[in-house]
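Hi,

I am passing a structure on to you, along with some notes on what turned up in it. Have a look at it first, and then read on.

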Amino acid sequence: MDFFQNLFGPTWPAVWTLVKIVAIVLPLLLCVAYLTLAERKVIGYMQVRLGPNRVTFFGIPWLRGWGQPIADGLKLLVKEIIVPTGANTALFVLAPIMAIMPAMAAWAVIPFSPTLVLADIDAGLLYIMAITGMGVYGIIIAGWASNSKYAFLGALRSAAQMVSYELAMGFALVCVLMAAQSLNLGEGVRLQQGNWGFLNWFWIPLFPIFLVYVISGVAETNRLPFDVAEGESEIVAGFHVEYSGMAFAVFFLAEYANMILIATLASIMFLGGWLSPVPDALANSLGAPWLAADGFPWLAAKVSFVLFCFLWFRATFPRYRYDQIMRLGWKVFLPVTIGWIVVLGAWMQTPLWVWWK
């Protein structure tokens, strides 16, 4: 490390920050690519079919389908990007950038382990709320700039849906703030540490909020059964109907990156983040003390579980009507989150509150 500090001189902090950004973004893009394969495989198995099983690497037969995300990416890379004649060209090109930027920038404050975080800021939770709220602008701009009634209708639907569920997610984060007593995400994980393993995590006192947050995350990312913004039978794929090639792919990169982000935040705020679910005493009694070791593998396992639930929902539930989606956000989730703030505040003043004591 000293060698590189001497080599780059005063520019070393900027270079080191850039290296850490690349170390986060590249694995994230790889995870996004293979999440598409996992989705098609999981849904395929649930529907008693194989899913992608042809594209492999170098003809290796046991890598059935593992080359499919790479093939999909190369296909989209070489396809022509067509800008409609009546479209606003500058905004049409800007929209995918506005969609992917918040999905990537939010990872700056995500703690992957006690020491592995790009920016360990005290207001991490506020940063997450601010940066993720910008994602709706990319969708609105895409729908308006395309000069298509179908795209515009999809953008309006998506904007209304995201605003509705953003309120519920915001109040859910207020509950997390009350329980964690800190806006720092890493500090929130450390407060979930204890001798009871997974019983110390915030999913117990915040269980209704945990459900609200995950379901709102499904709605925020326009995933089934909340994908009325992309309803093919009604509005011909919605806000990105006029996009092709890599411009089309960037919207899906943003969607899947947001899925991983929601799953990671749910794991950090409610499921103990990198903490092991196995208490030390139980791990020692089983003769496997490594089970109680905290670290990134536990966070990855929890994120994978939440992502599996995302895929499970898509394979299980039919698409809701738009009025049902709005009713759920405004008449169910919003009162539940506000009511739980009151319940949590009263609970924390009693001896029955045993977390972080």
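Arg327 is partly exposed, at 40% relative accessible area, where buried means under 20%, exposed over 50% and partly exposed in between, using a 1.4 Å probe and the protein chains only. Asp323 and Arg327 sit 4 residues apart in helix 14, so about one helical turn separates them. Helices here are DSSP runs (H or I, at least four residues), and strands are E runs of at least two, all numbered from the N terminus.

Before I go on, a word on the source: this is a predicted model, in which local features need pLDDT of at least 70 and side-chain atom pairs count only at pLDDT 80 or more, while totals for chains, interfaces and linings use all residues. Residues are numbered from 1 along each chain as its sequence is written, and side-chain values use heavy atoms, with hydrogens and water left out.

Back to the charged pairs. How many salt bridges does a search of the whole structure find? The search gives 8. One of them joins Arg314 to Glu39, with the closest N and O atoms 2.6 Å apart. This pair links distant parts of the chain, as Arg314 lies in helix 13 (residues 296-316) and Glu39 in helix 2, 275 residues apart. Arg314 is partly exposed, at 36% relative accessible area, whereas Glu39 is buried, at 3%. Another salt bridge runs between Asp227 and Arg319, whose closest N and O atoms are 2.8 Å apart. Asp227 is in the loop between helix 9 (207-220) and helix 10 (232-235), and Arg319 is in the loop between helix 13 and helix 14 (322-347), so this pair ties together parts that are 92 residues apart in sequence. Asp227 counts as buried, with 7% relative accessibility, and Arg319 as partly exposed, with 27%. There is also a network: salt bridges with shared partners join Glu39, Arg223, Glu255 and Arg314.

Next, the nonpolar side. A nonpolar core is a set of buried Ala, Val, Leu, Ile, Met, Phe, Trp, Tyr and Cys residues joined through side-chain atoms within 4.5 Å. The largest one here has 88 residues, and among those with the most contacts inside it are Ile110, Leu185 and Phe270. Helix 11 (residues 245-270) contributes the largest share of this core, 16 residues. Apart from it lies another core, of 5 residues, including Val278 and Ala283. Which residues does Leu185 touch, leaving aside its neighbours within four places in sequence? Leu185 is in contact (heavy atoms within 4.5 Å) with Val109, Ile110, Pro111, Leu125, Ile128, Leu265, Ile268 and Met269.

Of its 26 residues, 21 are buried, so helix 11 is largely enclosed by the rest of the structure. Its first and last C-alpha atoms are 38 Å apart, close to the 38 Å expected; the expected span is 1.5 Å times one less than the number of residues. Just after helix 11, Gly272 has a positive phi of about 80 degrees.

Helix 13 has buried residues as well, among them Leu299, Val303 and Phe310. Those buried residues pack against helix 2, helix 9 and helix 11.

Helix 2 has 35 residues, which should span 51 Å, and its end C-alpha atoms are 50 Å apart, in agreement. Its buried residues include Trp12, Leu28 and Tyr34. Val22, also in helix 2 (residues 12-46), is partly exposed at 38% relative accessibility. After helix 2 comes Val48, whose phi is positive, near 55 degrees.

Finally, Ser158 belongs to helix 7 (residues 149-180). Is Ser158 buried or exposed? Ser158 is buried, with a relative accessible area of 0%. Not counting residues up to four places away in sequence, Ser158 touches Ile139, Asn222 and Ala229.

Happy exploring, and best wishes

Conventions:
A salt bridge is a side-chain nitrogen of Lys or Arg within 4 Å of a carboxyl oxygen of Asp or Glu.
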